[in-house]
Amino acid sequence: MRPISLPRGERRATGQLRGGLQVTWRRLPLVSGTILLFVLVAGIFAPLLAPHDPGAINIAQGERPPAWMEGALPGHILGTDQMGRDILSRLIWGARVSLIVGFSGIAIAGIVGSLLGLVSGYYGGWVDHVIMRVVDIQMSVPAILLALLLAAVLGGGLYIIIVVIAVVYWAFYARIVRGETLSVKARDFVALAKVAGCGTPRILLRHILPNVGNTIVVVVTLQLGSAIILEAALSFLGLGVQPPTAAWGLMLADGRTLLGVAWWIATWPGLAIMLTVLGANMLGEWLRVALDPKQRQV
Amino acid sequence: MRRYLILRILQAILAIFAVSFIVFVTTRLSGDVTILMLPFDATEENRLQFRQELGLDKPLYIQYGIFLIHAARGDLGESHRWRKPAMKLILDRMPATIQLASVSVLFTVVFAIPIGVISAVRPGSWMDTIGKTFALLGQSMPNFWVGLLLILIFAVRLDLLPPAGRGGWQHLVLPAITLGSGAMAAVTRLTRSGMLDVMDSEFIKMARIKGIPEHLVIWKHGLKNAAIPVVTVLGLQIAGLLGGSVIAETIFSWPGVGKQIVDAIYARDYAVVQAGVLLTSIIHVGANLGVDVLYAYIDPRIRYA
């Protein structure tokens, strides 16, 4: 028998709020913000920040460990890879590749997907039907297989990967924006705009889009991380960004066969990917709560 | 229900057709196979003859038509690298992939669900912190890096488990964790949030008032009601695991379908890539269909929507 089980349950309820994921993450945009700022600065100012030329090969100085280990080379804080290239410099330049690919890929996917979602939700009828069937089909192919197939056929490279990411991710936006549009278009201000004589493009872009904007921002942030992972995965498999470009996925592939002798070659780029994605995910989660008034009172 | 079923099945068939078309077109668009397959001093006539042999000289739509007719008979062409039916090459690798996926699902059920439950039952405790960290990290760590780290720690440093290949149970552990890391994180998170909601409800209070032991309240009354979304996600994960094991299999040289597809891509072995992507997509579509139907069966709101 537990006579005091009710109060216990109550106490648990408040404790749950205090320790809940939402609340913790709301307090911590600092952490994710700092991580992302770091990566952004590294990517933008790579030429100024990198201590060495990321492509400078010096076989004689290959596979040297990080500065705090025995046998380290002065000036190469995180060590060198098998070709003697400075790992820190390559990490900094790699941030640029990840950011360019991630942001542009998601931007294209977001713009195309959101516009299709708006049109689909607003017009309904056969337009909606066709767009949503294409979305269904797109989503029924495993993303990594589709990406592999496209990258293999189109031949890899920075721009191709951006296209691949856009192709893989647009459908999410189309589906989510369509759903939101359906509910927004039923509201009075849309009818009023119509009565006031606004054209359809104006209604879509000036009246409906701002009301689904929050959702798009959240999805963009949450997908940025997964797009960066996809790029790294493709590069890792040799189907993405091509050597000798300094990209995180390529660096991981370089270090893969040398795990036994030189753990640092694969460990640093992996850590960089993880932290960046972690930052993006945390920020996305925080934005989701912060932009949603229903969650704010929690 | 019947209307929903028919619609859903039609949709799945359409999706498979679309996939077959995409696969067909993309593989034919890639580079000239004769450069890869023939010695580099082959004459133009040799090349022409080789293309004729493979049927590559016909217009694309005829090639696609032929492809569809043959596919309907289960003939997805011949691998020009191995001189064997492509379908057989993929099907031969299926058991390895299924084995890996099953173990990885098993790990998810055995580890992720209990961690999620304990994390939700004691919010703010150290178990909760571990659970949350686990969920967050698992979501952010790309699985190829998880795989490399596991190799570094357990194969290279500790020399406990083999880093590659297929053999005894020891060979399964690392690739299965790698493959399941994302799913484990997702299931932990879902179980945790589901349990948080359920444990706050009236019937849980009622169960406590009735004097049911706390462990039964949690694991029976609580988990059963939090399980529905978790089961759905598990179903979708199984579909994803069967199709998405490309990276885990490549890292651990696991002789499964994913590895076969990647190798075929490197070798421009069209027929095998087609067969592989098509079969995994069919499994994917089929599993999604299964989950949807099951879900509609459980939740009438979807059936009538």
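Residues are numbered from 1 along each chain as its sequence is written, and chains are lettered from A and ligands numbered from 1 in the order in which they are written. The model is predicted, so local features need pLDDT of at least 70, side-chain atom pairs count only at pLDDT 80 or more, and totals for chains, interfaces and linings use all residues; side-chain values use heavy atoms, with hydrogens and water left out.

Chain B contains 14 helices and two strands. Both are DSSP runs numbered from the N terminus: helices are H or I with at least four residues, strands are E with at least two. The chain has 305 residues, and 49% of them are buried. Buried means under 20% relative accessible area, exposed means over 50%, and partly exposed lies in between (1.4 Å probe, protein chains only). Contacts were also sorted by sequence separation, where a contact means heavy atoms within 4.5 Å. Of the contacts in chain B between residues at least 6 apart in sequence, 71% join residues at least 24 apart.

The interface was examined next. Chain B contributes 54 residues to the contact, and chain A contributes 53. Together the two chains bury about 4800 Å², with 73% of that area on carbon and sulfur atoms. Buried area is the accessible area (1.4 Å probe) that two parts lose on being put together, summed over both. On the side of chain B that touches chain A, the largest share comes from helix 1 (residues 2-29) of chain B, with 10 residues. That side of chain B divides into 31 nonpolar, 12 polar and 11 charged residues. Here Ala, Val, Leu, Ile, Met, Phe, Trp, Tyr, Cys and Pro count as nonpolar; Asp, Glu, Lys and Arg count as charged; the others, Gly among them, count as polar. Zero salt bridges are counted between chain B and chain A. Four residue pairs are in polar contact across the interface, both residues of each pair at pLDDT 80 or more. A polar contact is a pair of N or O atoms within 3.5 Å; within protein, one must be able to donate a hydrogen and the other to accept it, and residues adjacent in sequence count only if both atoms are side-chain atoms.

Helix 1 of chain B also holds B:Ser20. This serine counts as buried because its relative accessibility is 4%. The side chain of B:Ser20 makes a polar contact of 3.1 Å with the side chain of B:Tyr64. Beyond its neighbours within four places in sequence, B:Ser20 is in contact with B:Tyr64, B:Phe67, B:Leu68 and B:Leu278.

Salt bridges were then located. Side chains of opposite charge can pair when their charged atoms come close. The rule used is a side-chain nitrogen of Lys or Arg within 4 Å of a carboxyl oxygen of Asp or Glu. Six salt bridges occur over all chains. In one of them, A:Asp254 pairs with A:Arg85, the closest N and O atoms being 3.5 Å apart. A:Asp254 lies in helix 11 (residues 248-256) of chain A, and A:Arg85 in the loop between helix 4 (46-49) and helix 5 (87-123) of chain A, so the pair ties together parts 169 residues apart in sequence. A:Asp254 is partly exposed at 22% relative accessibility, whereas A:Arg85 is buried at 5%.

Chain B has salt bridges within helices. B:Asp92 and B:Lys88 meet at 3.0 Å, N to O. Both lie in helix 5 (residues 86-121) of chain B, four residues apart, about one turn of the helix. B:Asp92 is partly exposed at 47% relative accessibility, and B:Lys88 is partly exposed at 43%. B:Asp128 and B:Lys132 form a salt bridge at 3.9 Å, N to O. These two residues lie in helix 6 (residues 126-140) of chain B, four residues apart. B:Asp128 is buried, with a relative accessible area of 0%; B:Lys132 is buried at 18% relative accessibility. A network of salt bridges links B:Asp128, B:Lys132 and B:Arg192.

Aromatic pairs complete the survey. Seven are found over all chains. Rings of Phe, Tyr and Trp (its six-membered ring) pair if their centres lie within 6.5 Å; planes under 30 degrees apart count as stacked, over 60 as edge-to-face and the rest as tilted. A:Trp263 and A:Trp264 have ring centres 5.7 Å apart and planes at 85°, so this pair is edge-to-face. A:Trp263 and A:Trp268 form a tilted pair, at 6.2 Å centre to centre and 55° between the planes. A:Trp263 and A:Trp264 are buried, and A:Trp268 is buried too. Ring pairs link A:Trp263, A:Trp264 and A:Trp268 into a cluster.
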